[in-house]
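Dear colleague,

Please find below the structure that I am handing over for your review. My notes on it follow directly after.

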Amino acid sequence: MSDRFLHDEFIGRWLGGSLSPAELTELESWMAAHSEQGVYLLSLQRVWERTGSLRVRDSDVDLAWTNLRPKLRATARTRKLSLPWVWAAAALVLIAVGVHQWLDREIVVTIATDRGETHQLLLPDRSEVTLNAESEIEFDGNHFRDDRRVRLQGEAFFNVVKQKAPFTVVSGDVQTTVLGTSFNIRSRGDDVEVACMTGRVQVRSEETMVELSPGFATRRVGRALSEPYTVDASRRAAWMFDRLHFESVPLETVWEEIERRCNVIVQRPQLDLTFSGVVHVGSAERAIDQVCRTAGLSYGKKGDTLYVVRRKNKGE
Amino acid sequence: MADETLDWPKIAEGIRNSDEQAMERAFRVLYPAIYRYVSYKNADTETAEDIAQETFLRLWQSRENLDPRRFTPSWLYSTANRLYLNHVRHVRVVEESAREVALLYEPGDVDTAVEDRLWRCIEKLPPQPKSTFLMSRVENLKYREIADRLELSVKTVEAHIGRALKWLRECLGD
């Protein structure tokens, strides 16, 4: 007797609807001829049909994702902790906050710092970026691996991981391209300066292209770039350690930078002075005190505002 | 299931590049399926949720070794299975009677007493035929789809289904 019709596999195939019409006819005539087995198969079919409406309770996907999400971040952060710096956790939060655009699988990630804060962050390729106060960096989180390109407003120090694909920073109409190196870009208003610390950096503007070696910088002059000039690149990046180096810059720039870094308002007279020196911006008052001493000014405080005044002749 | 519509190589590429959005899309489509799969294996709801989430965490942690061209959801099923087996090894499985069947299963349109009896019989099935059978009956997956996810041959799936039906019939006694 042919009991292949009673094999598990055949029964599975039959009820799953995978039998050919010929096989089905064959089965039916077999069932008719073997009523006992036929009845048995029909009872299996009933069980199959009965189980067709089974439902299970689902787990809440939203809740599960909410639980899982911080764990993903945590694993990412563990890697970061192995680096010399302890990355500001807030920067990670900012990544989430800054994702303000989702267009056709293009994800623009924006990380911005406010006045008075700096942030260190890792890009998807593990390049390190330190953002100075009131600065903003933006990149396409989805395609970054293929096209390492970021847009920068403000000032940032980059330590770029070496890869075949170039790494480009767009700041206004100045493009800085590297393979793997560290450099500082300052782009405030129309003023853009790129200083190379290690490796080689290629800077382009609308009209010029300049190659920088370590210890050299270039700045925007109209639509062109200046000839490279030597800088102490470590000084250019010293803002990361709360020190601002100034070399013959307008005093106004110094105030602006202090306001930015310390998140204070400095009320000051317009003075046609230049300033050179190192300012510690760990504390606003200390920074202002330092500049005032050098420039022969004095200051007072009212709430969050600091008033800088020209020192009158002895006394008041 | 909706996961047929996802472009897995692309999703896997995204995950490999630490793209959280890609991860979220994979999660939203596959978490319910993985959760169910684990719950079919005699895990209580909480354990099933933990294991399903842990499965995705493992995916994220090993993202750098993903080969996007080869990645399929079966990776998640086999990882979930491994985690479940680990769990069973460490924690003595909850006695069958202690497992709160009612917590796991949604009552259907049928008479609850009958439904309840049916589930109690399903509970007694051996793990492999059980999860295969439930993937077919609850989630309406085709044998081919089940085979792909569990990395079995279609023949094996068919045999599990047939076997499960025979056992169920015996248990139900009709």
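Which residues of helix 7 of chain B are buried? They are B:Pro129, B:Lys130, B:Ser131, B:Thr132, B:Phe133, B:Leu134, B:Met135, B:Ser136 and B:Arg137, where buried means under 20% relative accessible area, exposed over 50%, and partly exposed in between (1.4 Å probe, protein chains only). Helices (H or I, at least four residues) and strands (E, at least two) are DSSP runs, numbered from the N terminus. Helix 7 spans residues 127-137 of chain B, and nine of its 11 residues are buried, so it is largely enclosed by the rest of the structure.

Please note that this is a predicted model, in which local features need pLDDT of at least 70 and side-chain atom pairs count only at pLDDT 80 or more, while totals for chains, interfaces and linings use all residues. Residues are numbered from 1 along each chain as its sequence is written, chains are lettered from A and ligands numbered from 1 in the order in which they are written, and side-chain values use heavy atoms, with hydrogens and water left out.

A search of the whole structure gives one disulfide over all chains, the term being a pair of cysteine sulfur atoms within 2.5 Å. The bond links B:Cys121 with B:Cys171, at an S to S distance of 2.0 Å. Because B:Cys121 lies in helix 6 (residues 112-123) and B:Cys171 in helix 9 (residues 154-172) of chain B, the pair ties together parts that are 50 residues apart in sequence. The S-S torsion is about -75 degrees, so the disulfide is left-handed. B:Cys121 is buried at 6% relative accessible area, whereas B:Cys171 is partly exposed at 33%.

In chain A, A:Cys196 is buried at 0% relative accessibility, and A:Cys292 is buried at 2%.

Kind regards
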